[in-house]
Structures are given as structure tokens and as C-alpha cells.
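Dear colleague,

I am passing on a structure that I would be glad to have you look over before we discuss it. My notes come after the structure itself.

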Amino acid sequence: MRLGFIGCGNMGGAMVSGILKKQLLASEDMIASALHEESRKALREKFGITVTSDNSEVAAFSDILILAVKPQFYAEVIHEIREIVQPDTLVVSIAPGKTHQWLEEQFGRPVKTVRCMPNTPAMIGAGITGVAPGEQVTEKETAQLLRLLSALGETEIVPERLMDVVGSVSGCSPAYVFMFIEAMADAAVADGMPRAQAYHFAAQAVLGSAEMVLKTGRHPGELKDMVCSPGGTTIEGLSVLEEKGMRSAVIDALRACTRKSKGI
Ligand SMILES: NC(=O)C1=CN([C@@H]2O[C@H](COP(=O)(O)OP(=O)(O)OC[C@H]3O[C@@H](n4cnc5c(N)ncnc54)[C@H](O)[C@@H]3O)[C@@H](O)[C@H]2O)C=CC1
Ligand SMILES: O=C(O)[C@@H]1CCC=N1
């Protein structure tokens with residue numbers, strides 16, 4: 001199976017990296033395009049894959065073709081490759097907001113489209129990808145794609161109407177989690193801890209807490225209560241977070257993200 005990436009920046013690169021690490025494909029089976037010679041050289045050196053400036057070459061090579069450019073470039077990129085994509089090529093969109101209907105309209109004919117929403121933890125095999133296959137895609141093709149995406153972490157099929165939500169809750173949310181880790185570390189540094197040590201403690205606390213939610217199956221509120229000793233230190237901090245509106249800030253942020261996705 002031959003895999004191609006049109007554009008290979010943060011997300012495309014994370015996907016190539018995850019797939020190579022798990023050895024699901026060899027570097028000879030992958031191709032990517034990049035706009036600038038500097039990026040092409042960097043990608044060749046980093047991954048050993050073929051890199052070209054010609055999006056048509058990527059489209060002609062690929063059984064699975066991942067459109068890994070920003071959503072605003074989707075229309076022009078599809079215009080370049082629409083005559084080259086074969087009827088049995090799987091065209092994978094990883095952009096927010098680009099519906100199957102919109103994608104097909106750009107191609108001007110029925111195409112095997114799959115909407116996927118990965119996230120950057122894919123780079124270390126700890127991602128999660130929401131997948132909504134289009135009507136033209138067979139179960140066998142979906143299974144083949146899921147096997148490939150499993151190199152990036154977990155995969156879950158979702159109905160297309162939830163793809164914008166997947167975008168906010170897992171596609172974008174790593175940025176908010178990194179921000180949370182950064183803020184926790186800043187506080188620890190302010191109170192005297194060396195910077196590197198502060199990132200280690202903060203990140204490990206987030207990782208362990210996430211694993212507790214997944215592995216115990218217990219409600220996050222119950223796990224939170226277990227940390228808050230009566231009259232203790234945690235509850236003091238917790239009341240500050242409530243006072244400053246942490247919950248509603250997070251809810252509003254993710255819903256803004258979903259709204260933006262629906263409008264792209
Ligand atoms: N960064 C993330 O965490 C995630 C990104 N995505 C989606 O992935 C897609 C790519 O996002 P990023 O990797 O973050 O962006 P990026 O800007 O890091 O990478 C896009 C790459 O495409 C190249 N490019 C632009 N126009 C091109 C063209 N006409 N032909 C070939 N290459 C071209 C750019 O030079 C750049 O290297 C977007 O649609 C985004 O919504 C989805 C999930 C998570
Ligand atoms: O910021 C963005 O638009 C992309 C989509 C999901 C994560 N990053």
C-alpha cells in the first residue's frame with residue numbers, strides 16, 4: 001500500500017513519524033509534497049521518504065492520499081489533483097469543517113473520501129483519531145485505513161456530524177493541555193522549583209491523571225474528590241479555579257473551537 005501526503009507540516013509530519021516508528025510502512029512506500037526546497041530537504045533527511053514539489057506526483061503514487069494542508073488551501077490543492085486521483089484512491093481529509101459533500105463537490109464526481117481528525121500526540125503513538133468514512137468507502141478499505149492509523153494511537157469511527165466535536169475535544173485540545181502544563185510549571189518556578197523539574201512534575205501529573213480516568217473507569221469528579229482532603233491544600237486551589245471560571249472557560253473554549261470548525 002502506498003501512502004501520500006499533500007503538505008507535510010506539523011500534522012503530516014507527526015503522522016509520517018508515527019507510521020515509520022511502528023514500521024507499518026517502509027519509507028519507500030511514502031511520498032509527500034512540500035512547497036519550499038528547504039522543507040523538502042528537511043523531510044527527506046528526517047524521514048527518508050520521497051519528497052516532491054509536485055502534488056500531481058503525490059496523487060498519482062498514492063493508494064491512500066492524505067490532504068495535510070491547511071483548510072484554506074484545500075480547494076486549490078484538489079483542483080490540481082482532481083483529474084489524477086483514481087476511482088479507487090482513498091482521499092483522506094484531516095481538515096476541520098470539510099464535509100464529504102464539500103469534498104465531492106470540489107472533485108466534481110463521486111470520490112472515496114474519508115474524514116479523519118488526528119492529533120499531534122500521534123508523533124509518539126499516543127494520539128487518537130476520529131474517522132468518518134464516506135459512503136463510497138468499503139468496510140475493507142476502512143479496515144485498511146484504521147490499521148494504518150493505529151500506528152498513531154487509538155482510532156474511533158464517529159458519525160460525520162460529530163467530526164467538528166472530535167476536532168475540539170481531541171484535535172485541538174492538546175494545545176490547551178500544553179498551556180495548562182506550562183501554567184502549572186510557571187507556578188512551580190515562581191515558588192522556587194527549577195524549570196525542567198517543574199515541567200516533569202506537571203506533565204507527569206497530567207499523564208497519570210488521564211490514565212486514571214481511562215484505566216479506573218471512575219468518574220473524573222470522584223477522582224477529583226479523592227485528592228481534596230477535608231480542610232486541606234487542594235480544595236483551596238480548587239476554589240480559586242472555580243472562582244476564576246476554569247470550567248466555563250474550558251467549555252466556552254472548546255465550543256468556540258467546534259463553532260469555528262463548522263464555519264470553515
Ligand atoms: N496541527 C494539528 O495539531 C492538527 C492539524 N490538523 C489539520 O492538518 C492540516 C495541516 O495542519 P498543520 O500540519 O498544522 O499545518 P502546517 O502549516 O504545519 O502544514 C501544512 C504544510 O502544507 C504546506 N503546503 C501549503 N500549501 C501547499 C500546497 N499547495 N502544496 C503542498 N504543500 C502545501 C505548507 O508549506 C506546510 O508545510 C490542517 O488541515 C489542519 O486543520 C488536524 C488535526 C490536528
Ligand atoms: O488549529 C487547527 O485548525 C487544527 C485543527 C485541529 C488542530 N489543529
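Below is what was found, beginning with the conventions.

This is a predicted model, in which local features need pLDDT of at least 70 and side-chain atom pairs count only at pLDDT 80 or more, while totals for chains, interfaces and linings use all residues. Residues are numbered from 1 along each chain as its sequence is written, and chains are lettered from A and ligands numbered from 1 in the order in which they are written.

The domain assignment, which is automatic or taken from a database, divides the chain into domain 1 (3-158) and domain 2 (167-263). Their centres, taken over C-alpha atoms, are 31 Å apart, and the contact (C-beta atoms, placed from the backbone, within 7 Å) takes eight residues from domain 1 and seven residues from domain 2.

Eight strands (DSSP runs of E, at least two residues) form an open sheet of mixed pairing, in the order S3-S2-S1-S4-S5-S6-S7-S8, where pairing requires at least two DSSP bridges between two strands. Strand S3 (50-52) and strand S8 (153-157) are at the edges with a single partner strand each, so one side of each has no neighbour in the sheet. Strand S4 (residues 64-67) and strand S5 (residues 90-93) run parallel and are joined by four bridges, with leucine 67 opposite serine 93 in S5.

Around ligand 1 there are 25 residues, of which Gly7, Gly9, Asn10, Met11 and Ala95 come nearest; a residue counts as near if its C-beta atom, placed from the backbone, lies within 6 Å. Helix H1 (residues 10-21) supplies the largest share of this shell, three residues, a helix being a DSSP run of H or I with at least four residues.

Best regards

Notes:
Two residues are in contact if their C-beta atoms, placed from the backbone, lie within 7 Å.
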